[in-house]
Number of protein chains: 2
Amino acid sequence: MEHLKRYEKGFLKSFTLHICGMGESLVDEKIRPIIETERKLESESVSFAILAHQMIIDVKANVQGNDEMILDETIHNLKLEFKEVLQENIYGEDKETLESVVGNLLAKNGRTLSVAESCTGGLLSHRITNIPGSSMYFKEGVVTYSNESKIKNLNVRRETIEGFGAVSEETALEMVRGIKRISDSDYAISITGIAGPSGGTKEKPVGLVYIGLSTPKADKVFNFNFSGGRIDIRQRSANFALDILRRELLKEKHRK
Amino acid sequence: MEHLKRYEKGFLKSFTLHICGMGESLVDEKIRPIIETERKLESESVSFAILAHQMIIDVKANVQGNDEMILDETIHNLKLEFKEVLQENIYGEDKETLESVVGNLLAKNGRTLSVAESCTGGLLSHRITNIPGSSMYFKEGVVTYSNESKIKNLNVRRETIEGFGAVSEETALEMVRGIKRISDSDYAISITGIAGPSGGTKEKPVGLVYIGLSTPKADKVFNFNFSGGRIDIRQRSANFALDILRRELLKEKHRK
């Protein structure tokens, strides 16, 4: 959706691209040449802003000028240029969110999803089900906050938790395999980590998060060291979990 | 926490009381005599604001004057007067939230909690576990979005869902009994409803929500007809679920 305002000096239109899985400085480096070139043009004025928020980078462009057709063309070309350098790191535009994009991909591919959360405590399920129609693809979520509930609800082995810890690659893997099998979903995500403020150790500091992903083909675990407070760490974990799933869904050939 | 600013004309302090389970007009009616009386006094100036947001009513008072001791006394007395008329409908002050208050009560009473969510999709678990230290009392949550997962994860009977519907008093009751038994918690909450925008019927419109509460003594189901959009209905459901639990926890004698 482009925003249109009639200005004294003509028209102002803007768009925002949302990026995940790429650092702010790298995004800046990639788009800098495009921005520099645009600023040298004289036909219309273009301004840019880069905003980073919980591992999501927003690139916003405002284009102003007297000729609406030229404006639209400028926007079209700018988007193409941005997409060329940022590629699939761009997950959406304007009002799209990671959960809406993931939801669309799941619906389009005819796939289902279930999640098992520890440190995010239901945030991931909540965000996924915020999308109207999510009951089409979201089967179930479990918030296994205690070790006992990981064992009981997800069949994580007691020895795994005792041997490697509740926050470990091994536990994340058993969690995601557990929820996938129990829910009989095509895709599954697990998250286990230390959101803080307490619970961190030298080996496993606050911000350490393991995200398990199970696809129809394979099971993987990703690990992260997030900075920030409890709420940041939870949101960042959910963002990355959705982004990891999104990238996997993009690879999948549409089944229909 | 009282906010203190030094003004040209003296001091300004303010406080906010949070209320749930009481309509805005009733709150207004109850506190009106207090406000009217205060406005007639001349020693300091007091202003009030009432804000309603997703079934929560905030009463905010600003007190301004030259003598800090008189200000403090005024605030103390105002709070006492408000509490006298609003009683346990006040759940907290200033930065307190329903989830922080419920968390404190659970921790103080040495009680545990688990939740089973349908239409709120993980929001309730998310809010409860937003509170640092919630792992002390929160055992587990399940998001049983599909009928199958209600049957499989919570032992809701298929006949109950087929006979009364997934959104029904009977299903809410079986959900709350299921999660309580499975998690072996002292308290349990279930939520099942129609958050919309689609899925509503004439008999069961969007906004119809059943909340089950299981305490160490009894199981109950409350039903609501919330207005608003999907996100409102979900937040309102979570607010009421927390408030119902809070009222139950207040009744309980502290075990220690």
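Q: Before we start, what counts as buried here?
A: Buried means under 20% relative accessible area. Keep in mind that this is a predicted model.

Q: OK. How many residues of α3(A) are buried?
A: Nine of the twelve, so α3(A) is largely enclosed by the rest of the structure.

Q: Which ones?
A: Leu98(A), Glu99(A), Ser100(A), Val101(A) and Val102(A) are buried.

Q: Where does α3(A) sit in the chain, and what span should it have?
A: Helix α3 of chain A covers residues 98-109. At 1.5 Å a residue, its twelve residues should span 16 Å. The end C-alpha atoms are 16 Å apart, which agrees.

Q: What follows α3(A)?
A: Gly110(A). Its phi is positive, near 65°.

Q: And at what angle do α3(A) and α8(A) pack?
A: About 30°, with the axes 9 Å apart. Helix α8 of chain A is residues 230-251.

Q: Roughly parallel or roughly antiparallel?
A: Roughly parallel, because angles under 35 degrees count that way.

Q: Left-handed or right-handed crossing?
A: The crossing of α3(A) and α8(A) is left-handed.

Q: Which residues meet there?
A: From α3(A), Leu98(A), Glu99(A), Val101(A), Val102(A), Leu105(A), Leu106(A) and Asn109(A). They meet Asn239(A), Leu242(A), Asp243(A), Leu245(A), Arg246(A), Leu249(A) and Leu250(A) in α8(A).

Q: How does that contact split by class?
A: The contact of α3(A) with α8(A) has nine nonpolar, two polar and three charged residues.

Q: Zooming out. What is the secondary structure of chain A?
A: Eight helices and ten strands.

Q: What box do its C-alpha atoms fill?
A: For chain A, roughly 70 × 45 × 25 Å along the principal axes.

Q: How much of chain A is buried?
A: Buried residues make up 54% of its 256 residues.

Q: And what about contacts in chain A between residues at least 6 apart in sequence?
A: Of those, 66% join residues at least 24 apart.

Q: Switching to chain B. Where is His53(B)?
A: His53(B) is in strand β3 of chain B, residues 45-53.

Q: Buried or exposed?
A: His53(B) is exposed. Its relative accessible area is 54%, and the cut-off for exposed is over 50%.

Q: How far apart are His53(B) and Glu24(B) in space?
A: They are 9.7 Å apart, C-alpha to C-alpha. In sequence, His53(B) and Glu24(B) are 29 residues apart.

Methods. Residues are numbered from 1 along each chain as its sequence is written. Chains are lettered from A and ligands numbered from 1 in the order in which they are written. This is a predicted model: local features need pLDDT of at least 70, side-chain atom pairs count only at pLDDT 80 or more; totals for chains, interfaces and linings use all residues. Side-chain values use heavy atoms; hydrogens and water are left out. Helices (H or I, at least four residues) and strands (E, at least two) are DSSP runs, numbered from the N terminus. The expected span of a helix is 1.5 Å times one less than its number of residues. Buried means under 20% relative accessible area, exposed over 50%, partly exposed in between (1.4 Å probe, protein chains only). Axes are lines fitted to C-alpha atoms, for helices over the stretch in contact, and angles run from 0 to 180 degrees between N-to-C directions. Angles under 35 degrees count as roughly parallel, over 145 as roughly antiparallel, 65 to 115 as roughly perpendicular and the rest as oblique. A crossing is left-handed if the near helix is turned anticlockwise from the far one by less than a right angle, and right-handed if clockwise. Contact means heavy atoms within 4.5 Å. Ala, Val, Leu, Ile, Met, Phe, Trp, Tyr, Cys and Pro count as nonpolar, Asp, Glu, Lys and Arg as charged, and the others, Gly among them, as polar.
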